[in-house]
Amino acid sequence: MPFFEIIHVDSQQQAASHAIDRLTNDLNANSLNRLGLATGSTMIPIYKSIIESSLDFSKVTAFNLDEYVGLAPTNKNSYAFFMKEHLFSKKQFKNTYIQNGLAEDLELECIRYENKLNEHPLDIQFLGVGENGHIAFNEPGTSFDSVTHVANLTDSTLGVNSQYFDKNENIPTRAFTMGISSIMNAKKIILLAFGEKKRVAIEALLGDEITEQFPITVLKRHPHVTVITDIK
Ligand code: GLP
């Protein structure tokens, strides 16, 4: 029987404490060695709670979902920078992996990353969701069979992302992203979604349809999903 749990919370702080409980259980049971991580404002309270906790990740290898094509890890808008700032500079991990935004050969970088993932199957993958239902940067229409690839970002995503970039900065229009199939290989998925802007995505996840036009709906085929949300 698949496991699908939805936990309704009133605050992001409550959400973080549920996430910490899951991590604690699996670390104590020695069943958390490889952790998939996400970026975005949704994850910030989770990372803050992880840092404040006594949880030991020194034997855990982390993989990130995605990275902008063309951004160096020193660029404040890169996801490598985000992860360093919000987690990796304050909590020790065994190893951390993220796609190389500056890779010259994009295809080779995707293959390299997917191979790394296959060598280290993920025990837990954290996910946020885009307003258009994307997971990682798998935009509507992405094949459910996709592995790590370069995604062309949609206008909706570019619009949401533009808030983080200075006016005179070019917003990257492409990103490396784990594919839907790469994400579905994780043993457990914990998806977090807060705020009215995510209602459409959460309602699609709870509805009957499974469609590539709404990537989040693929999670209904996953054997172990926890959704933590304030959307009721
Ligand atoms: C980006 C990331 C996604 C993330 C989403 C939500 O699109 N690629 O992985 O889920 O942002 O971001 P936020 O948490 O800021 O709403």
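1. Around the ligand there are 14 residues, and those that come nearest are Ser 41, Thr 42, Asp 66, His 134 and Lys 198. A residue is near a molecule if one of its heavy atoms lies within 4 Å of it. The shell comprises six nonpolar, six polar and two charged residues; Asp, Glu, Lys and Arg count as charged, Ala, Val, Leu, Ile, Met, Phe, Trp, Tyr, Cys and Pro as nonpolar, and the others, Gly among them, as polar.

2. This is a predicted model, in which local features need pLDDT of at least 70 and side-chain atom pairs count only at pLDDT 80 or more, while totals for chains, interfaces and linings use all residues. Residues are numbered from 1 along each chain as its sequence is written, and side-chain values use heavy atoms, with hydrogens and water left out.

3. An N or O atom in the side chain of Thr 42 is 2.4 Å from an oxygen atom of the ligand, and for Lys 198 the corresponding distance to a ligand oxygen is 2.6 Å. In Asp 66, a side-chain N or O atom is 2.7 Å from a nitrogen atom of the ligand. Of the 400 Å² of accessible area that the ligand has on its own, the protein covers 89% (Shrake-Rupley method, 1.4 Å probe).

4. Is Met 83 buried or exposed? Met 83 counts as buried because its relative accessibility is 1% (buried means under 20%, exposed over 50%, partly exposed in between; 1.4 Å probe, protein chains only). Met 83 belongs to helix 3, residues 79-88 (helices are DSSP runs of H or I, at least four residues).

Technical notes: Polar contact = N/O pair within 3.5 Å; in protein donor to acceptor, adjacent residues only side chain to side chain. Helix = DSSP H or I, 4+ residues; strand = E, 2+ residues; numbered from the N terminus.
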